[in-house]
Amino acid sequence: MKRKKFFFLILILFSVLCLLSSYSYYLLITNRSPYILKLVTGTADYLMKGQNISNYNINLNISPEKGVINVESDINVKFIKDRRYIIFLLNDGLKIDSIGYKKAVSNQPSAISHYRIWLINFLLLPEKIKKDDDLRINIKYEGNLRPLGFSDGYIKEKEFILRNEDLWYPMDFQGLFTLNVKGTVPVSITPALPVSIINKLTGDGKGKRFSWRPERPVTGFALMGGYFNKLSKSVNGITYTLYSPVYHNEDMEKAIDSIILCHSFFKSQFGDDGFKNLTIIITPHGYRSYNHGAGIITLSKTDFPTIAHEIAHNWWGGTVCVDLLRRKGGGGQWIAEGFAEFSSLMAIEKLHGKDALLKEIKNENFNPDKQRIIDSITTFDNLMDGEDVKINNQMVYAKGAYVLIMLREIMGEEKFMKAIRKFFSEYNYKIADSSDFQRTVERIMGNSFSWFFNPWIRGTERLDFKIKDLNSIERGGTFVTTVKVVNQGKINIFAEIDVMAITENGKEIQRVFMDENPATVVFNTKSKIKEIIADPFLKWADMERGNNIVNPKNL
Ligand SMILES: [Zn+2]
């Protein structure tokens with residue numbers, strides 16, 4: 001009797017969840033309300049927490065001419081809480097044929113009840129699984145993909161892209177798993193997999209078989225196939241393979257050289273990402289560029305900043321992991337996207353020079369009146385489209401990168417890089433959030449950095465430099481010019497900022513410590529001053545720059 005009650009309770013809960021989810025999915029694809037979506041994913045998050053994939057074996061047959069895939073997956077699920085159920089999401093174009101389950105210890109197969117409403121799959125287990133127990137599930141499914149939200153996944157006659165969420169919405173986005181991929185594609189199609197694997201392809205009349213196992217645990221993966229031009233290079237023991245569709249015109253030499261340059265640079269800066277193979281596929285029709293984990297990247301654009309950003313995810317998001325399901329954020333998105341964007345700017349600065357950085361950093365702007373708290377932005381926010389995603393992205397990518405640029409200014413480059421490396425080495429293969437990074441910074445600096453992290457990451461305050469009270473007199477051939485720099489924003493800057501005077505003959509830069517507000521700057525120049533600019537190298541997230549410039553003429 002008790003068991004029945006429990007069962008009905010679970011079923012009711014499940015139905016409510018499904019209804020809410022369907023509605024939220026409708027909202028997701030119609031871009032109505034991110035708030036309801038967050039509420040629902042937060043609930044799913046709660047239910048899904050407690051299960052963790054440790055090993056994922058997938059065997060796929062892909063028939064592009066029919067537009068179908070046929071999958072058998074063996075998954076090891078580790079329970080991090082006592083549980084009697086497993087929840088996972090699966091593309092609703094894919095039909096589940098069978099589900100089997102075994103406790104890893106006893107290896108005894110048992111019956112399992114499967115309920116499905118739309119994307120959500122609910123497995124009711126015959127017994128309660130204890131915390132730390134392992135479970136092996138075998139799921140067979142097949143069908144064609146139904147387009148989901150903003151997913152780039154598709155199977156066309158001559159090309160397919162299968163992303164995490166097309167193959168399998170991971171039951172758990174909470175960490176890393178070991179991966180084994182096996183499959184068959186038609187002989188004519190090349191699966192874009194790490195180079196060593198392509199060599200193992202064998203045709204047996206039915207198709208090409210491939211098998212691949214990444215050399216380290218991964219957070220996700222993707223699989224692509226098509227008619228590609230391929231270019232491979234090996235540098236320092238790492239093999240880089242670039243695929244570009246035959247119908248697409250691409251300077252592959254240039255792209256692969258940028259890829260190698262970025263990857264080697266980040267490795268020298270952050271530490272080893274553990275990937276010996278990097279596979280990059282150009283997807284000219286893709287909405288976005290992605291790092292799928294497992295050393296697989298798809299690029300919809302091949303400009304240097306995009307390449308650098310995606311490669312940086314090998315470290316941020318791919319090795320230091322973030323909790324992708326968390327409703328309240330915690331700064332995970334910042335650790336992935338803000339850090340990747342900052343890394344991209346850093347690569348531009350160090351590999352292409354300060355002028356290139358200045359040009360690029362102009363794009364990292366956000367509307368100071370329409371801010372959201374960086375820490376509160378989740379992966380689901382990033383998946384949405386429309387005005388909301390624009391604001392969220394500006395927060396996490398642009399402001400997020402700026403926060404790190406400002407932190408580097410405050411800490412000094414040496415200590416800042418020490419913090420970044422320490423953060424990477426301490427949290428590699430672990431989940432990290434913004435407080436973890438703050439603690440690393442505080443340990444290196446020896447004092448609290450709440451004054452910095454709270455307003456920038458957990459608040460929506462702003463800073464706004466303004467130059468005023470310009471006064472210039474000529475004294476025996478020298479122009480003595482005084483200006484005041486005011487920070488009109490609420491965030492205090494306990495750091496030096498650059499103030500640049502442009503004279504008739506050149507420029508002069510002074511560093512002024514902003515512990516006093518306003519701070520006074522004096523320039524002694526041989527020629528007349530034409531203009532004075534606060535923060536000329538855009539090192540601070542001052543989004544109202546009109547008042548940073550003053551010239552004697554418009555006084
Ligand atoms: Zn990114």
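Asparagine 291 stands opposite isoleucine 297 in strand β20. The two belong to a pairing of β19 with β20 (residues 296–299), antiparallel and held over two bridges. The model is predicted. Its protein chain has 555 residues, and 41% of them are buried. The chain contains 13 helices and 29 strands.

**The five-stranded sheet**

- β19 and β20 are part of an open sheet of five strands. The order is β16-β17-β18-β20-β19, and the pairing is mixed.
- The edges are β16 (228–235) and β19 (290–291). Each has a single partner strand, so one side of each lacks a neighbour in the sheet.
- Helix α5 (residues 252–270) packs on this sheet. Helix α5 touches β16, β17 (238–245) and β18 (277–282). The direction of α5 makes about 145° with that of β17.
- Helix α6 (residues 304–312) also packs on the sheet, touching β19 and β20. The direction of α6 makes about 155° with that of β20.

- Strand β11 covers residues 178–185, and its side chains alternate. Leu179, Val181, Gly183 and Val185 point to one face and are buried.
- Strand β1 (residues 51–63) runs parallel to β11, joined by seven bridges. Leucine 179 in β11 is the bridge partner of tyrosine 56.
- Strand β14 (residues 208–212) runs antiparallel to β11, joined by five bridges. Here lysine 208 in β14 is the bridge partner of valine 185.

**The α11 and α12 crossing**

- Helix α11 (residues 413–427) and helix α12 (residues 434–445) have axes that come within 9 Å. The axes cross at roughly 130°. The two helices are therefore oblique to each other.
- The crossing of α11 and α12 is right-handed.
- From α11, the contact uses Lys415, Lys418, Ala419, Lys422, Phe423, Glu426 and Tyr427. From α12, the contact uses Asp436, Phe437, Thr440, Val441, Ile444 and Met445.
- Of the residues in this contact between α11 and α12, seven are nonpolar, one is polar and five are charged.

**Contacts across the chain**

- Among contacts in the protein chain with a separation of 6 or more, 67% join residues 24 or more positions apart.

Definitions and conventions
Residues numbered from 1 in each chain as written. Predicted model: local features only at pLDDT ≥ 70, side-chain atom pairs only at ≥ 80, totals over all residues. Helix = DSSP H or I, 4+ residues; strand = E, 2+ residues; numbered from the N terminus. Buried ≥ 20, exposed ≤ 12 C-beta atoms within 10 Å, placed from the backbone. Contact = placed C-beta atoms within 7 Å. Pairing = 2+ DSSP bridges. Axes fitted to C-alpha atoms, helices over the stretch in contact; angles between N-to-C directions. Parallel < 35°, antiparallel > 145°, perpendicular 65-115°, else oblique. Left-handed = near helix turned anticlockwise from the far one by under 90°. Nonpolar A, V, L, I, M, F, W, Y, C, P; charged D, E, K, R; others polar.
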